[in-house]
Amino acid sequence: MLKEGFVICEEEEKRRILEENTMKNYIFMTPNILFKNIYGGVKKEALFSLMDHYSLSYDLAKEYMRYIPYVVDKTYNNVKLDSLVSAKSYLKKMGFIEDNPLFNYRLNQFPITFLTSTPTKELQKIIVELKKKTEVILFTKESLKLKPNVYEYKSIKEECYGIMNEMKKLHEEGIPYQRMYLINMSSNHEFIFKRLSKTYNIPIHFKPIRNITHTAFAKKFLHLLEEKESFSEILATVGDSNYIKPLMALISDYSLEDKSPKDYIDFFQREFKNFKYEDTLYEDMVNVSDIVSLGDMDYAFYMGFNQGVSPKIYKDEEYLSDSLLHELGLSTSVEKNIEERNKLIFFIENTKNLFISYPIKVQVNELYPSSLIQALDLKTYTKDAPLGYSLAEDNLRLSVDMSIYDKTKEISPKLEFYNVEHIPYNTYDNTFKGISKWHMEERFKENASISLSYSTMKYYFECPFHYYCDNILKLSTFESTSATRLGTYSHAVLQDSYNSDFDFVKSTEKNLNEGIKDLNSKDALKDKFYFNQMNEILMNLIHYNKHHEEISELKNVLCEEHIIFEEGNLKFHGFIDKLLYAEINGEIYAAIMDYKTGKDYITLDNVEDGFHLQLPSYMYLLSKAERFKGKKIHIIGIYLQKVNMIALDRNLDKLEQREKSFRLQGFTISDPALILMLDPFYNKSDYIQSMMTTKNGNFGRFAKLLSEEQEEDLIELVDVFIHKTKDGIMEAQFDIAPKRIEGNDVSCTFCKYKDICFKKYEDYVFLEEKKFGSEVE
């Protein structure tokens, strides 16, 4: 029997008390709410004020808010604690500290009962203070000294199967799922249980916290933050979702209603990484919980009873060290470890219906049982999860055994016992069943355009299914790597080098800071190293290019020229890194250059099959450029220029080696008179690679040459491929059709979707090798 008044307990204890006592006047509080009422809480919106006023990072401001309630107005003679005192004083002045003056008044009217058998240090400290103000009742439950059995499974998957089987049996015996609790669930457990929940048809109420950054909802919301003027506009536009209500609560909690959305993009990106929301709820669901006090009618499944996890181990690595925590009267890591151990022991010895289990292996890592097994003298039994509780999972498990048998001829007892003829093993049909043309018509109707580039067209002709995964299903996500950031940095500095006020040091500093601004300290340090290594190469390259461009007749330079060609609902676009050109008598003479910071192969082999279209695509874009509309264009060359860190021979001149790697690699017009406009000394091959001439003035056998007729044919070919791609998309033709040229797989080697298409040999399209010119790396 509990006295009416304040009752300090967790939510599960509250639920059980209310089921038994509906007519009592109880004021329930969790320990966290009690702490807030006594010490005062910090309003969530204080986060931004702390970040701005003290120039704190998001994470550090969160740490301040965590510990501010516990410091008092005095000098601690410690930088961290005195900073917290200063911050608390500032937040009080700004009205960000929440006090509850009525709480102390109500304490004088009602007793306060604590339902906890293992009070923490913080709780013990509060109890001492509360005894000075009111009657304090400590409801201690005498330990039942129960000794539940512990079950060992060979893997975490088997452990999950075993728990699901037990829950299925209990439910068949009439125990509702809401009386069952999954406790100590790790991320590995959760991943497996989310699948088993569906195949076993057991509803589980998983903790509603997840990273939603990559969901369509979050992406749309973050995009709208840049576009819209108010949060009300965004919420009216973003659409319906389970995330709407918690998102509105987040905006309200941080008082952002009247703020400018674009100022809080970083905040929402961080919040979305651990976003709390309510998923679909059913009346009868299995609970996912931490250690709680359970009644005699409840059933608990404590999983992962392994050393280092059960009990949880804390280390002295918090923002405040153990010595500072002790000074504030808070639990140190040592004390937390004792509290966790006592809490777990009390739970084990006082939970009537408790199923404890642990795996001995997770993937390839071996695990060890908890030391509490020996300390509490618990009996351990090795257990296998039997079949018979879920047909879908049974078939899957038997299929795994069949696969092992195929490879090792080792037959499992299950295969000998069960009839497996009904299992559709080795019958997977990888054929892409396609989608309706109607979906494409709906997707690209009205103003929506089919946007193509060289790379998207390349993927479509390598394998239409690759394009489907990338551009229709949107499975691809851009991952910034050191290599991509180095490429962006190099392109930016080279572009700056053509500005009239170019300063190499200022340009590299500006672009370095831009390149590392969103990185953590470790990645930023690594990138700074590579950027600085690249600087000498960029300086040499800029000097090299300027020298050759001074003697060239092509005096006009365009950098990062974005050219867009539109025709109906078709858009083809791309960037030309550098275009050198001259206009003579109304005609354009141009050379196209693309910087490459990685490996690439200069060839037009099999171009008629849709391969190696990059350089021809640049010619096509140039022919469609609005600034040259109506003018005849003579394309002198299409080139790649390597901007790479190369291994240097110490015995040779360093600059000469670098300049050799800077030579333009690609295809050049076969007309010597036009080549002279780009490079008057082309026969020396010190600017355009492999252009050296023989004694009789003819081009050498390694020269890569194009006639103007060939250039026109290539431009026409690109146009054909652009329209073929568009037509294929509109017809929803996304077959799994990778290509092989003379037996070499040219589609799947670097394809990120090769593990999901399950291609078969008959899916390949076999092509002959069609040489255009020799290939040079």
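A cavity, on a 1 Å grid over the protein atoms alone, is a set of points where a 1.4 Å probe fits but cannot get out, and its lining residues have an atom within 4 Å of a point. This is a predicted model, in which local features need pLDDT of at least 70, side-chain atom pairs count only at pLDDT 80 or more, and totals for chains, interfaces and linings use all residues. Residues are numbered from 1 along each chain as its sequence is written, and side-chain values use heavy atoms, with hydrogens and water left out.

**View A. The largest cavity and its lining.** Welcome inside: about 100 Å³ of space lies in this cavity, where a volume is the space filled by probe spheres set on the grid points, which are joined across faces, edges and corners. The lining includes Cys463, Phe465, His466, Tyr753 and Lys754. Helices H21 (464-472) and H29 (754-757) each supply at least two lining residues; helices (H or I, at least four residues) and strands (E, at least two) are DSSP runs, numbered from the N terminus. By type, the lining has 8 nonpolar, 2 polar and 2 charged residues (Ala, Val, Leu, Ile, Met, Phe, Trp, Tyr, Cys and Pro count as nonpolar, Asp, Glu, Lys and Arg as charged, and the others, Gly among them, as polar).

View B. Look for Glu12 and Arg15, whose side chains meet in a salt bridge (3.1 Å, N to O); the term means a side-chain nitrogen of Lys or Arg within 4 Å of a carboxyl oxygen of Asp or Glu. Both residues lie in helix H1 (residues 11-20), 3 residues apart, about one turn of the helix. An α-helix has 3.6 residues a turn, so residues three or four places apart point the same way. Glu12 is buried at 18% relative accessible area, while Arg15 is partly exposed at 26% (buried is under 20%, exposed over 50%, partly exposed in between, with a 1.4 Å probe and protein chains only).

**View C. A salt bridge between two helices.** Here Asp496 and Lys510 pair up through their side chains, at 3.2 Å from N to O. This pair links distant parts of the chain, with Asp496 in helix H22 (residues 482-496) and Lys510 in helix H23 (residues 504-516), 14 residues apart. Asp496 is buried, at 12% relative accessible area, whereas Lys510 is partly exposed at 47%.

**View D. The loop residue Lys154.** You will find Lys154 in the loop between strand S7 (150-153) and helix H8 (156-172). Its C-alpha atom is 8.7 Å from that of Tyr358, although the two residues are 204 residues apart along the chain.

Methods:
On a 1 Å grid over the protein atoms alone, a cavity is a set of points where a 1.4 Å probe fits but cannot get out, and a pocket is an open set with protein on both sides within 12 Å along at least five of seven lines; lining residues have an atom within 4 Å of a point.
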